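Morning, everyone. Please have a look at the sequence and the model on the screen. I will keep this brief.

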Amino acid sequence: MRSVVLFRNDLRIDDNAALTAASQSKILPVFVFDTEAFAELGGASRVWLHYSLTELQRRIKLLGGTLAIASGDTYQVLREVCEQHEISRVFLNERFDPKGRAHDVQLKQALQVHNITVVECRGNMLCHPSKPTTSQGTPFKVFTPFYKWYLSEVLADVRPEEAPTNLDFFNVDSRSEVSSLGLLPSIPWHKGILQAWTPGEKQADFILERFLDSGLRYYKENRDFPATDGVSTLSPYLHFGEVSAQRVVQSIVEEEERMGAEPGAAIHNPFIRQIVWREFSKYLLFHFPNTLSQPFNASFADFPWQYNDDLFHAWKRGLTGYPLVDAGMRELWTTGWMHNRVRMVVASFLTKHLLISWEMGAAWFMDTLVDADIANNTMGWQWVAGCGADAAPYFRVFNPILQSKKFDPDGEYIRRWVPELRTFSGSEIHEPWSRQTGTRKTLIDSGSATYPSPIVDHKEARNRALAAYDQIK
Ligand SMILES: Cc1cc2nc3c(=O)[nH]c(=O)nc-3n(C[C@H](O)[C@H](O)[C@H](O)COP(=O)(O)OP(=O)(O)OC[C@H]3O[C@@H](n4cnc5c(N)ncnc54)[C@H](O)[C@@H]3O)c2cc1C
């Protein structure tokens, strides 16, 4: 029997449930760049996808197959391929985002009409999002009980599947060039992304190994400090499914036990807790799909957001005059990634200091992040903006100067991304305007630096944000 394995957000061989399930048959691996589904794919994600597909193609070739690549309507492509090559089954891994789900329901029905069966396999979550419920049978809206549910029901038994060793491919004549998808920009602005990252399953394995060797032990202490290698940087690999969440969790548990953790204790590792945040975001979007464009907390529907093109532009380009905010926004622009602590600071700055809606910030992130993920991003933005599930209260306005002093005390991270401030000492760098006389104006007048003065005053902005919040309280 012949089967198609349709790759989407699971660009790997290891622990790929659809591939394993199809492995009893002759397999045609297919990737369809669905022009409708991918219409909104951000620029950085397109770059990542190009290289990730190239790597998947290479791996499949080593196993004796060819990844057939096409663009167009997934249903049309699959129907044609299946009819042409007498294929009656399409294996794919389930998706959980609203668009992906709706697309797959239609796909299944449309192919069924032509006697092509779609076999849906385990998607890239540790647990199907329909399973966790509160004792009342309702969806969780608060993280801690959700996490406790995961500790007792999911994390103790996470079992990734080994990559099948006996894959039998059949190949078809197809124009299987990744470049035919036109994913790379015509003006090559993506040099910084290529310098920072190597997409693909092989590198995902390497990054995970490196984190197990050196980052995991200090994760709890270092994870909030952007100048350190305190986090895993696995997010784009997890997003594109170049490594599975199962494989990551199992590797952490094994490493912790190797280092002496008592049986059962390793699942409490703080890093695994973050993986559960990832699960929580997908879970929330599965149950509350309207939160893509509406605040989870309905009282924010009337929040008096403001819009100012100049301020938004300054934020996007890292020209706000607040060094930590600017360092983060420039890191994002250059590499397609930003540290989680800094994501929180820049998102708070946009939604509270500038009163610009979280949706504007979320859209910018979706375009510029290599790990742009509709669930994580929506939850992250709503959480910081104060309108999300289990969110930080709106009145908790991050002070970008104190955050900078606390989490980048020596200014190492700032100096890396804001070259104008390279000569500033650790104590001066958080408030560069105070270098000479303590007034912001002096710095600008002196002409000694091209770094901008703050676009808003922290205290004034904070008061304005709280006044806006008072209107909907
Ligand atoms: C405003 C905002 C927007 C965000 N947008 C995205 C996004 O588009 N894509 C994305 O993957 N993450 C997003 N995050 C979550 C988080 O910032 C990133 O997952 C993290 O910075 C990725 O780096 P890492 O892999 O080194 O994380 P690590 O600390 O090493 O964590 C390991 C993994 O756990 C998951 N994780 C960690 N923190 C979170 C979190 N707070 N929420 C959900 N999952 C988490 C990620 O999959 C991550 O790769 C956003 C956070 C905020 C505040």
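Two housekeeping points. Residue numbers start from 1 along each chain as its sequence is written. The model is predicted, so local features need pLDDT of at least 70 and side-chain atom pairs count only at pLDDT 80 or more, while totals for chains, interfaces and linings use all residues.

Overall picture. The protein chain has 20 helices and six strands. These are DSSP runs, numbered from the N terminus: H or I with at least four residues for helices, E with at least two for strands. The radius of gyration is 24 Å, close to the 23 Å from the globule rule for 473 residues, so the chain is as compact as a globular protein of that length. That radius is taken over C-alpha atoms, and the rule is 2.2 Å times the number of residues to the power 0.38. Along the principal axes, the C-alpha atoms fill a box of roughly 80 × 55 × 50 Å.

Burial next. Of the 473 residues, 43% are buried. Buried means 20 or more other C-beta atoms within 10 Å of the residue's own, exposed means 12 or fewer, and partly exposed is in between, with C-beta atoms placed from the backbone. As for contacts between residues at least 6 apart in sequence, 76% join residues at least 24 apart. A contact here is two C-beta atoms, placed from the backbone, within 7 Å.

Now the domains. The assignment gives domain 1 (2-123), domain 2 (126-159 + 200-287) and domain 3 (298-472). Those bounds come from an automatic or database domain assignment. The centres of domain 1 and domain 3, over C-alpha atoms, are 39 Å apart. Six residues of domain 1 contact nine of domain 3. On the domain 1 side, that makes two nonpolar, three polar and one charged residues. Nonpolar covers Ala, Val, Leu, Ile, Met, Phe, Trp, Tyr, Cys and Pro; charged covers Asp, Glu, Lys and Arg; the others, Gly among them, are polar.

Which residues are closest to the ligand? Val231, Ser232, Ser235, Asn377 and Gly380, in a shell of 27. By class, the shell has 12 nonpolar, 10 polar and five charged residues. Domain 2 and domain 3 each give at least three residues to the shell. α9 (235-239), α11 (270-287), α14 (340-353) and α16 (374-385) each supply at least two.

Let us stay with α16. Is α16 largely enclosed or open? Enclosed: 11 of its 12 residues are buried. Among them are Asn377, Gly380, Trp381 and Trp383. The cover over the buried residues includes α11, α14 and α15 (358-368).

On to α11. Isoleucine 272 sits in that helix. Isoleucine 272 counts as buried because it has 22 C-beta neighbours inside 10 Å. Beyond four places in sequence, its contacts are Leu155, Val249, Ile252 and Ile267.

Another buried residue is valine 90, in strand β4, with 26 C-beta neighbours inside 10 Å. Valine 90 touches Val4, Leu6, Leu78, Leu111, Ile116 and Val118, leaving out residues up to four places away. Valine 90 and histidine 458 are 368 residues apart in sequence, and 56 Å apart in space, C-alpha to C-alpha.

Last, two loops. Glutamate 86 is exposed, with 8 C-beta neighbours inside 10 Å. Asparagine 115, also not a glycine, has a positive phi of about 60°. Asparagine 115 lies between α4 (98-112) and β5 (117-121). With 9 other C-beta atoms within 10 Å, asparagine 115 is exposed.

That is my tour. Thank you.

How values were computed: Near = placed C-beta within 6 Å.
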